[in-house]
Amino acid sequence: MAELDIGKHCEVDSCSVKDFLPFVCDACKGVFLHRSREAHSCSEEPVKRESRTAGGSTSHPCSFEDCKGKELLPVICPQCDKHFCLAHRHQDDHKCEKLEVQKPRMTATKELVQKIVESKDGSKSKGRRGAKNAATAAKVALMKLKLHAAGDKGLPQTERTYFQVYLPKESKDCSKPMFFCSKWSVGKVVDYAASLASLKNNNNVLTAKKLRLCHPQTGEAFQMDDTLLSLLGHPETPLHNGGNVILEYLDNDCPGLEDVSDYITQA
């Protein structure tokens, strides 16, 4: 049986020992048992490896004041075109000179309300009965109504219509803030408002006075099969989301209220 020739002899003249796991010098490429260059008297100079940060070409210092952070890859702000470390990469973090400061929503809302209030001050004595001034007043009132109005909490916000509902003269309360579904008929709105205000509702009794929903400026009683959507979009005498409506008991043949000031001035 032939012997296996495994391993290498050390190339140092005074050694020549055969080893199964010889060391190959990465400088002179010789085979040795003596790993250090001094031990095998290496004739070649070692290969010098350049540092990753030699000359500063592979690191990118942060431009933020007093920050000593560096990144291996460039992180450039798209607005001011300066380089920053990861901790200061956002506009807010490095106080970007081109950052546009947006007004908080609440501040913007207050400014809008102030403008609306100022625009209607000049016609306060007679403006509430005009359709244009009623719409303006409704925008202001809507914000307050949303905080206090009673209604079905399951209704989506996009379908809610808010009113200050002025109650019948015989009621202990002058009015209540309520919200309804904009898809409901006037008949359903009347029934729901009556239940919220604990009002007597005999609309299903033929000979009894009927609880009717009336326009806050004209006093006209709305038809029971009208929808809130149709009334909100009425071209001449629209209702307004955030505006007023009146509930009152009327005789069957009565078309509406004669004087709405008896209700609105009670608030």
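Which residues in α3 are buried? Select V186, G187, V189, V190, A193 and A194 to find them; buried here means under 20% relative accessible area with a 1.4 Å probe and protein chains only, while exposed means over 50% and partly exposed is in between. Helices (H or I, at least four residues) and strands (E, at least two) are DSSP runs, counted from the N terminus.

Before going on, bear in mind that this is a predicted model, where local features need pLDDT of at least 70, side-chain atom pairs count only at pLDDT 80 or more, and totals for chains, interfaces and linings use all residues. Residues are numbered from 1 along each chain as its sequence is written, and side-chain values use heavy atoms, leaving out hydrogens and water.

Now look down the axis of α3: its buried residues fall within an arc of 160 degrees, so they line one face of the helix. That arc is taken from the directions between the helix axis and the C-beta atoms. Show β8, β9, α4 and β10 next, as they are among the elements covering those residues. Just past the helix, click on S198, which has a positive phi of about 55 degrees.

Time for the core. A nonpolar core is a set of buried Ala, Val, Leu, Ile, Met, Phe, Trp, Tyr and Cys residues joined through side-chain atoms within 4.5 Å. The largest one here has 29 residues, and F163, V165, F180, L199, L211, L213 and L247 touch the most other members. α3 gives the largest share, five residues.

Zoom in on F163. Beyond its neighbours within four places in sequence, its contacts (heavy atoms within 4.5 Å) include L145, M178, F180, L232 and V245. Then pick Y166, A221, L250 and Y263, which are among the eight residues of a second, separate core.

Out to the surface: I6, F20 and L21 make a nonpolar patch with about 370 Å² of accessible area together. F20 is in the loop between β2 (18-19) and β3 (23-24), and it counts as exposed because its relative accessibility is 61%.

Last stop, the loop between β6 (70-71) and α1 (105-121), where D81 sits. Its phi is near 60 degrees, a positive value in a residue other than glycine. K95 lies in the loop between β6 and α1 too, with phi near 50 degrees. D81 is exposed at 58% relative accessible area, and K95 is exposed at 66%.

Definitions and conventions
Patch = residues over 30% accessible without salt bridge, like charges linked within 9 Å, V, L, I, M, F, W, Y side chains within 5 Å. Areas by Shrake-Rupley, 256 points an atom, 1.4 Å probe, with all protein chains shown as cover. Salt bridge = Lys/Arg side-chain N within 4 Å of Asp/Glu carboxyl O.
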